[in-house]
Amino acid sequence: MLLIAVLSAFAPVQANSTVKADVTSSSAALLAPELRLAAPSVSAFPPATGNFALWQQQAKNLLHHALLLPPADPVLIAAATRLNPASITNLEQWRLPLWQPLDLYLYKPAKLRQGAINAVILLHDHGAEFRIGKDKWLPPALSDQPQLVSQWQQKYFDGMTIAELLRAQGYLVLLADAPGFGARGPIQYAEQQQLAANLQAQGASLAGLMAREDEAAAAFLARQPGVTGIAAVGFSMGGFRAWQLAAISADVNAAVSVGWFNSLKFLREPGNNFSRGQTAFYMIHPGLYRQMDLPDIAALAAPKPLLLLHGEQDPLMPPAEVNEAFQQLKNRYQQCGAPAPELVIAKGQGHRFGDGLQQEMLHWLAQLQLADLQLPGAGCSN
């Protein structure tokens, strides 16, 4: 239980409103410095023409090393225990005895659908709202803060409950709270730094812990009866988690990322996502981004199908920058010899997962065939 003491130090508190960085008095060179460092030691970056498989394997090894934690022991995943009564049939709570206990929630359909993908792991956003995590996806009545959940869904999901939307289509849905959120918190905005520092003091990282927990959750979901294929679906920070999970997990067959895809060049600019301070700890793996851009990391999932959903009016992920990063991702998939990922930019949509994008997700998941999920691809090492 290496990390069990880290989160237990935080008593439940009310989440603060979003803290915006004051970048008016500091230069870009100060806030996003370019250091004079020795060249990376890893060879074949960028990938040589016709040698994508070698690059992919080397890059994947680099990614796993940067997570600073090993994958969860499969024996511990198999040792998961159910916590709530068997009489509750549609929402099961399970506990995995990992580095610290990880509670997972299975939201079960009346009848599991037939198809290439019939299970979904939902990865929640950040939003500077720590009082709820997995509950952002679930029916408000299943939360101890129904009014807050209802308000969140109205603001970001057009009032829809995404987990119920998927369950009604026959998908088995898995949910969990990320470190510091919901039942694993709630921490205050400023305490993200304390949490990240305590993990770093133990040779781990907040981003790596969350990534490995997502990987363990997917492994647990893959063990469930009748599961034929798994898609990772996430919004905002959860969108980052979705394509990252597809890159690191052999159990995830496809991914839908909503509202979170870009390049490091844009994200590191003062005031943008990686320069807003403490929240970035959830998504920064020490040393990794010095050698790989975000589209490169997403390309490690190749040839798995990827769908990126964005809003035309999203101030956090402007379409021009998203498109530029997407072209880099497409090029990597072409080097793999795999079908290109897909990008949908919805007109009139901001940083939200509204009804139109929800329908795009449902249609895309339903049309995936077993042939789309066959691995490896012609020029890939997956």
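Start inside the protein: the largest cavity has a volume of about 90 Å³. This is a predicted model. A search of the whole structure turns up one cavity of 30 Å³ or more.

**The lining.** Select the residues around the cavity next. There are 16 of them. Ala 176, Glu 213, Asp 214, Ala 217 and Arg 241 lie nearest the centre. Colour the lining by class: twelve residues are nonpolar, none is polar and four are charged.

**The elements.** Now show the secondary structure. Strand E3 (101-107), strand E4 (119-123), strand E5 (172-175) and helix H8 each give two or more residues to the lining of the largest cavity. H8 supplies the largest share, with four residues.

**Helix H8.** Select residues 206-222. This helix has 17 residues. From first C-alpha to last it reaches 25 Å, close to the 24 Å expected at 1.5 Å a residue.

**Asp 214.** Stay on H8 and pick Asp 214, which is found in this helix. Is Asp 214 buried or exposed? Its relative accessible area is 6%. The cut-off for buried is under 20%, so Asp 214 counts as buried.

Which residues does Asp 214 touch, leaving out those up to four places away in sequence? Show Ile 121, Leu 123, Arg 241 and Leu 245. Two of these names link back to earlier stops.

How values were computed:
Residues are numbered from 1 along each chain as its sequence is written. This is a predicted model: local features need pLDDT of at least 70, side-chain atom pairs count only at pLDDT 80 or more; totals for chains, interfaces and linings use all residues. Side-chain values use heavy atoms; hydrogens and water are left out. The expected span of a helix is 1.5 Å times one less than its number of residues. On a 1 Å grid over the protein atoms alone, a cavity is a set of points where a 1.4 Å probe fits but cannot get out, and a pocket is an open set with protein on both sides within 12 Å along at least five of seven lines; lining residues have an atom within 4 Å of a point. Grid points are joined across faces, edges and corners, and a volume is the space filled by probe spheres set on the points. Ala, Val, Leu, Ile, Met, Phe, Trp, Tyr, Cys and Pro count as nonpolar, Asp, Glu, Lys and Arg as charged, and the others, Gly among them, as polar. Buried means under 20% relative accessible area, exposed over 50%, partly exposed in between (1.4 Å probe, protein chains only). Contact means heavy atoms within 4.5 Å.
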